[in-house]
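Work through the exercises below with the structure in view. Try each task before reading its solution.

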Amino acid sequence: MKERLYLYDTTLRDGQQTPGIDFSVEDKIAIARMLDEFGLDYVEGGYPGANPTDTAFFTEKRTRHARFSAFGMTKRVGVSASNDPGLALLLQSRSDVVCYVAKSSQYQVRVALGCTDEENLDAIRASVEAAIAAGKEAIIDCEHFFDGFKANADYTLACALTAFEAGARWVVLCDTNGGTQPAEVREIVGKVIAAGIPGSHLGIHAHDDTGQAVANSLAAVEAGARQIQGTLNGIGERCGNANLVTLIPTLALKPNYADRFETGITPERLATIAHLSRSFDELLNRAPNAQAPYVGASAFATKAGIHASALAKEPSTYEHVEPESIGNRRKVMVSDQGGKANFIAELKRRGIEVSRDDSRLDTLIAMVKEREAEGYAYEGADASFELLARRTLGTVPDFFSVESFRCMVERRFDVNGQIKTVSEAIVKVVVEGEVRMSVAEGHGPVNALDIALRKDLGRYQSEIEDLELVDYKVRILNGGTEAITRVLIESQDASGARWWTVGVSDNVIDASFQALMDSIVFKLMKNRELAGLVAAE
Ligand SMILES: CC(=O)SCCNC(=O)CCNC(=O)[C@H](O)C(C)(C)COP(=O)(O)OP(=O)(O)OC[C@H]1O[C@@H](n2cnc3c(N)ncnc32)[C@H](O)[C@@H]1OP(=O)(O)O
Ligand SMILES: CC(=O)C(=O)O
């Protein structure tokens, strides 16, 4: 019988303390849903009362499966629990759980709280009792636990024991400043269990200041703790929190944990963790970390020719787990470190057969290298890559060509004296030798250009009616207004297939136009079943 480990997510609370991250209520709702569907046991939504966003977020219960947790500090010294307005907001929130942050270091009690040791113990006891009396599960995050324990173990243990004896379901040992080492965590967790708090009531909350938050969390589990707190992609205060996206696959796939423990994450959910991680970065509007363990785009990528050749014989030669188990994939890349085998494997995946001694293969390899050096990223733009490969192999028909385009943005006063910004575009296309000119207005220049380009494509017009642009991303590749711009566009059609195209230029409109063109050509290819293998995957 395996022991249950409980996963507590604090992306929406400690994650919100990450410099540069500021969730809206809508963001929080979307993230809570992602976490809930994924199968986490607890979702901590924030700190009701600390700011209007968190207060609004807690006016409803935001999870269906996970326990919904409200975070806040223990009652203030000098007021009773029933007269503390901060505590009242926690208790009135629509959470299932209240997770209190409690001082558990004598030094912190003296310096930060400025009260006596007993007053702090009393605040812990009264706060836990108040949550239970309000019908909620009580959790205590013992702040500065490890540092406090090293300085004065008796007082730190007294804080933890007070919470436990008052009825806290979990006593969570926090490495608040993030400097504790795995061996210390292992030893101290063992001592806490020996002092009377069973591991089934102990949790770990680790910060990554020495790059060991995941290692510290695993050390706590090895010593007996059964709840782990962490965040998506390891966001959090300073250097971040324990990364649940690294911890979960480790717990599920590494025999020393998988044979002993189970979590609420099924193998089917585990196979979506790479998607979860990338969707979260998407929501944060930041590039995913390609080298992230398990889920990064490079986690199962190989450039080296020697590796690529062995992988083709047997994947386990260079892989520690199966990439599919976490929703990632093996990637054999083309680079100066790789041979033709790398490229042939990638083309084959896209349904393109090319022989080793075909000179067009050399041309394609050179072109990809050159373009990537200019800023193209085919990794995120499968459809553009497929078009480039098929063009080089001479299998893309000349559906239409663009003779010219012009964009205009005008800021002017309307008849009511209000400032109005108008965007217009004119596109001249040639279809079957006939020039067609279209003019369109749009919300912005790219929108106007998109509408004009798709207004009259002659005999192909009816084929692109169901083409829809669903995402548009701009990345500046080096600073300043003269920077190179990369535009990525995601498109979809009525079949539900989605594909990404890319454009690069020192002009954002031009880069967008390239990506729009590729999207339309890819759609026409797809309609003829000449492309789209990967998009349909
Ligand atoms: C380790 C962690 O990550 S803990 C989580 C930290 N996260 C946050 O602080 C984010 C949200 N916080 C906030 O928005 C604000 O700090 C609030 C709304 C909670 C409080 O704001 P204010 O009342 O203006 O207090 P302020 O932030 O200046 O100081 C914190 C106060 O809480 C007290 N306090 C800190 N921890 C605790 C605790 N565990 N129990 C009781 N009181 C505490 C401090 O002593 C200080 O009291 P003081 O005002 O008498 O000096
Ligand atoms: C509670 C918390 O976030 C910490 O101690 O780090």
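The exercises that follow use a predicted model.

**Exercise 1. Find the order of the strands in the barrel, and how they pair.**

Step 1. Count the strands: eight of them close into a barrel.
Step 2. Follow the order, which is β2-β3-β4-β5-β6-β7-β8-β9.
Step 3. Check the direction: the pairing is parallel.

**Exercise 2. Describe how β4 and β5 pair, and which helix lies across them.**

Step 1. Locate strand β4 at residues 67–73.
Step 2. Count the links to β5: there are five bridges, in the parallel sense.
Step 3. Pick one facing pair. A70 stands opposite V98 in β5.
Step 4. Helix α3, residues 85–92, lies across β4 and β5. Its direction is at about 180° to β4.

**Exercise 3. State which residues come nearest to ligand 1, and what the shell is made of.**

Step 1. Take the number of residues around ligand 1, which is 17.
Step 2. Name those that come nearest: A50, M73, T74, V101 and L113.
Step 3. Sort the shell by class. Eight residues are nonpolar, four are polar and five are charged.
Step 4. Trace the elements. β5 (97–103) and α4 (106–113) each supply at least two residues of this shell. β5 gives the most, with three residues.

**Exercise 4. List the residues around ligand 2 and sort them by class.**

Step 1. Read off the list: D14, V101, D141, E143, C174, T176, H205 and H207.
Step 2. Sort this shell. Two residues are nonpolar, three are polar and three are charged.
Step 3. Look back at ligand 1. V101 is listed among the residues that come nearest to ligand 1, and V101 is also one of the residues around ligand 2.

**Exercise 5. Say where the UniProt domain is placed, and what that span contains.**

Step 1. Find the record. An unreviewed UniProt entry places the feature "domain: Pyruvate carboxyltransferase" at residues 5–271.

**Exercise 6. Describe the open sheet and the helix that lies across it.**

Step 1. Set the order of the three strands: β13-β14-β15, with antiparallel pairing.
Step 2. Identify the edges. β13 (401–413) and β15 (434–442) are the edge strands, and each pairs on one side only.
Step 3. Zoom in on β14, residues 419–431. Nine bridges join β14 to β15. K428 stands opposite M437 in β15.
Step 4. Helix α18 lies across β13, β14 and β15, and runs at about 35° to β14.

**Exercise 7. Classify the packing of α17 against α19.**

Step 1. Recall what is needed. Two packed helices are described by the angle between their axes and the distance between the axes.
Step 2. Take the values for α17 (residues 382–392) and α19 (residues 508–527). The angle is about 70°, and the axes are 10 Å apart.
Step 3. Draw the conclusion: α17 is therefore roughly perpendicular to α19.
Step 4. Name the contact residues. α17 brings A383, S384 and L387, while α19 brings D518, S519, V521 and F522.
Step 5. Sort them: four are nonpolar, two are polar and one is charged.

Notes: Residues numbered from 1 in each chain as written. Chains lettered and ligands numbered in written order. Predicted model: local features only at pLDDT ≥ 70, side-chain atom pairs only at ≥ 80, totals over all residues. Axes fitted to C-alpha atoms, helices over the stretch in contact; angles between N-to-C directions. Helix = DSSP H or I, 4+ residues; strand = E, 2+ residues; numbered from the N terminus. Parallel < 35°, antiparallel > 145°, perpendicular 65-115°, else oblique. Contact = placed C-beta atoms within 7 Å. Nonpolar A, V, L, I, M, F, W, Y, C, P; charged D, E, K, R; others polar. Near = placed C-beta within 6 Å. UniProt positions renumbered as here; feature names shortened; annotations may be inferred. Pairing = 2+ DSSP bridges.
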